[in-house]
Amino acid sequence: MSNAMYNKMWHQTQEALSSLLDNESQKMMKPQRNQVFIFQMLATFYIKYVQIFRNLENVYDQIVHPQKRMLIRKILDGVMGRILELKNEMVELELTEFHYFDDILQDLKLIPQQLDIPIPKYFLKEKLEVIKGREKILAQLLADSGLGMTEKVWRGFHQCKRTEREREEEMIFLGMNPPPLFNEVSAALIQADRVTHLRDKVQVKHEEEYRDALVTIKDDLKLIEGPNIKENLQDQIRRWFIECRHLTGTFPDYPKEEEGGSAIIFSNKTRQQVIEDIIASQEEEEKNKKKKKEEKPKKGKKGKEKKETKEKNKEEGEGWKMSPSVFLHMMEEGNNVYKDLWKNKDESWNVPQGYDPELIKEDKRKELESEIRLQVDELMRQELKNLKLAVNREKELSGKTGRRKGSKKKNKKEKGKKWKVGKKDKDPTADRTIESLYKELVEEGLLIQALKVNLSDYIGEYSYLGTTLRQMSTEPMPSLLDVRQLITLYGILPLGSEAVHEKAPSVKSLLLAGPSGVGKKLLVHAICTETGANLFNLSAANIAGKYPGKNGLQMMLHVVLKVARQLQPSVVWIGDTEKTFYKKVPSAERKMEPKRLKKQLPKILKLLKPDDRILIVGTTQRPFDAELQPFCKVYQKIILVPRPDYASRYVLWKEIIQRNGGVITGALSISCLAKISDGFTQGHIVQVVKEVLTERRIRQQSHKPLTALEFVTSLTSMSPVYQEEEESFKDWYAKTPMGKKRALALKGDNKENEKDKGKEKEKKGKKEKKKK
């Protein structure tokens with residue numbers, strides 16, 4: 001796909017975004033009362049933004065023009081943030097983390113796969129060197145401390161790979177396997193990889209050229225246009241002195257540097273506007289003097305006004321209104337820049353899509369002007385001071401000294417405050433480098449290597465009956481892809497993007513609850529892989545005996561948080577997290593002190609600020625063993641991870657058999673395997689496939705195809721997740737704050753429905769009487 005094609009794709013996506021922003025601003029104004037209509041509206045916006053996100057992510061990854069990429073990145077962050085805001089609105093409206101859009105997808109003529117939220121490639125691309133360097137250091141530290149792969153394991157692994165390679169060569173020689181690049185597709189894939197690699201190189205090159213141009217163009221402007229800018233500014237300011245004196249009889253006060261200096265007087269204003277401002281400010285001063293005299297009785301009024309508005313809001317509160325958005329403004333700004341600059345821009349001269357020097361000049365002129373203005377302000381302040389002294393010495397002198405005294409007092413107060421804060425937040429490891437703290441955590445086994453797994457490795461299918469079941473008042477178990485989507489929304493997007501994390505509805509902690517083998521740990525590792533995050537393991541079993549005593553515990557958390565902050569993004573994983581909140585500690589585990597972190601976790605959450613990209617993730621197979629209230633206080637978002645349904649089992653069997661060297665023929669009924677394995681988890685399926693597909697069995701496939709019976713035999717030795725266990729998770733979730741709210745809301749809906757039915761019956765009865 002050429003640059004022109006991606007440019008066209010960008011223009012089309014911008015048009016779609018533009019109309020969506022208009023649509024949003026119109027609909028947000030009107031309060032709504034019908035919950036079904038509100039959800040349809042939110043879901044439609046959400047789905048449309050996801051489509052824009054998918055396109056923009058692709059465009060940002062492929063376009064090579066550096067200035068366009070900066071703008072697309074800003075809009076992309078805005079779209080991500082808006083998606084999270086809309087998700088939050090839907091959660092608060094429906095009181096559930098999972099939503100079903102089957103009917104809306106049909107209306108929009110989209111397939112469920114188009115709901116998949118992409119993970120921007122720039123998350124890893126932009127810090128590839130940092131991640132590689134960190135992985136190298138981590139691997140070295142693990143090897144040095146004996147926590148990594150032992151020599152014996154490595155030798156075995158190496159030999160295994162060699163044997164595999166030799167066998168592959170033998171099969172090709174015997175004609176039983178096709179040679180490499182046998183299919184034409186392989187050549188196409190290699191070419192696609194080459195093009196992507198080239199495009200990445202061009203992106204980097206153009207980015208560097210653009211950065212260099214920022215410096216050189218500014219230097220050129222300084223030489224050529226700098227003196228003129230300085231002269232014009234001085235003339236402008238002198239004229240302002242004279243105009244003020246002419247109108248008011250006195251020279252004006254020069255705006256302070258922190259207020260913006262002379263820029264606040266002349267920001268895009270004509271001389272006439274400046275004169276009008278001077279007169280207006282004088283009138284305002286007189287009004288303020290009068291107001292001060294009448295201030296006391298007004299205070300009471302303010303209180304009354306507040307009460308009145310609150311009461312008004314209560315009355316108006318019947319209609320639902322969307323929460324104000326932080327990201328709409330960000331997208332609108334970006335969209336306006338697009339319209340002004342890029343929409344109708346003639347780029348026929350810029351075929352290679354390098355930087356545009358004229359745009360840099362415009363920006364740098366403004367920058368240069370504000371720098372020169374600072375110098376001019378200094379000179380003109382002095383000039384004004386001299387003028388005032390010449391006109392009226394005594395008054396000005398007394399006024400100045402009075403002012404100075406006041407400002408000194410302020411500074412003293414501020415200094416005192418700062419000093420106090422510093423005293424509170426004393427850093428016990430101020431004398432140590434981050435490298436040494438990192439090393440200590442690795443050696444203690446608290447900072448571990450994340451497994452290289454992508455979120456796409458969490459295989460599953462969509463639930464196509466979600467909406468239907470909900471309409472029948474049956475709460476469906478979420479599908480695996482619903483879970484995957486929540487992991488992207490609550491974990492990956494905020495950790496990957498700084499702009500999104502700072503302003504989006506914050507999720508500081510996640511709990512993944514579900515039976516053994518459903519992939520909870522895999523999801524934790526996938527969050528780290530997709531965002532390049534560090535992984536800290538604070539599971540009860542892992543911290544047992546480490547950093548003993550109260551002071552030790554404080555030090556451990558201090559070091560973990562300090563390293564997690566400095567090298568963010570970071571994931572703090574607490575496996576078997578119910579142990580930290582045990583109702584009753586089993587006697588066998590007392591020595592381990594599993595509840596060490598119970599009181600500390602809420603404190604850690606309070607310490608996390610919007611710019612700390614740190615996520616606490618707990619995983620549990622037995623949430624019912626934990627004390628519910630403190631447990632739910634720590635974990636902001638609770639995601640139930642279910643055992644796979646029929647559709648997901650079907651996809652899983654197929655994928656895992658093929659990944660392990662199996663060939664699927666007509667002799668192997670995948671649908672039969674999917675039916676029989678009801679209740680079994682992904683862990684069971686992987687285990688069974690590995691047991692059946694031995695090296696010998698893989699070799700025999702050509703004359704003895706695989707059958708379902710072979711896998712079923714292996715399955716019989718395992719115990720599935722019974723319906724009762726799944727129900728116990730559902731029952732537990734119903735006791736959590738979100739579960740309770742939803743149950744109450746559903747009860748309310750049912751009562752209203754019954755009332756409506758009753759009214760309808762009455763109406764029918766009256767009609768029948770009339771007929772008689």
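Residues are numbered from 1 along each chain as its sequence is written. In this predicted model, local features need pLDDT of at least 70 and side-chain atom pairs count only at pLDDT 80 or more, whereas totals for chains, interfaces and linings use all residues, and side-chain values use heavy atoms, with hydrogens and water left out.

Rolling a probe the size of a water molecule over the atoms shows where empty space is left. A cavity is a set of points, on a 1 Å grid over the protein atoms alone, where a 1.4 Å probe fits but cannot get out, and its lining residues have an atom within 4 Å of a point. Grid points are joined across faces, edges and corners, and a volume is the space filled by probe spheres set on the points. Three cavities of 30 Å³ or more were found in the structure.

The largest cavity has a volume of about 50 Å³. Its lining consists of Lys87, Glu97, Phe98, His99, Phe101, Asp482, Gln485 and Leu486. Helix 17 (residues 480-496) contributes the largest share, three residues; helices are DSSP runs of H or I with at least four residues, strands are runs of E with at least two, and both are numbered from the N terminus. By class, three lining residues are nonpolar (Ala, Val, Leu, Ile, Met, Phe, Trp, Tyr, Cys or Pro), three are charged (Asp, Glu, Lys or Arg) and two are polar (the others, Gly among them).

The second largest cavity holds about 50 Å³ of space. At least two lining residues each come from helix 21 (549-566), helix 22 (600-607) and strand 5 (614-620), and helix 21 supplies the largest share, three residues.

How values were computed: 1 Å grid on protein atoms, 1.4 Å probe; cavity = no way out; pocket = protein on both sides within 12 Å on 5 of 7 lines; lining within 4 Å.
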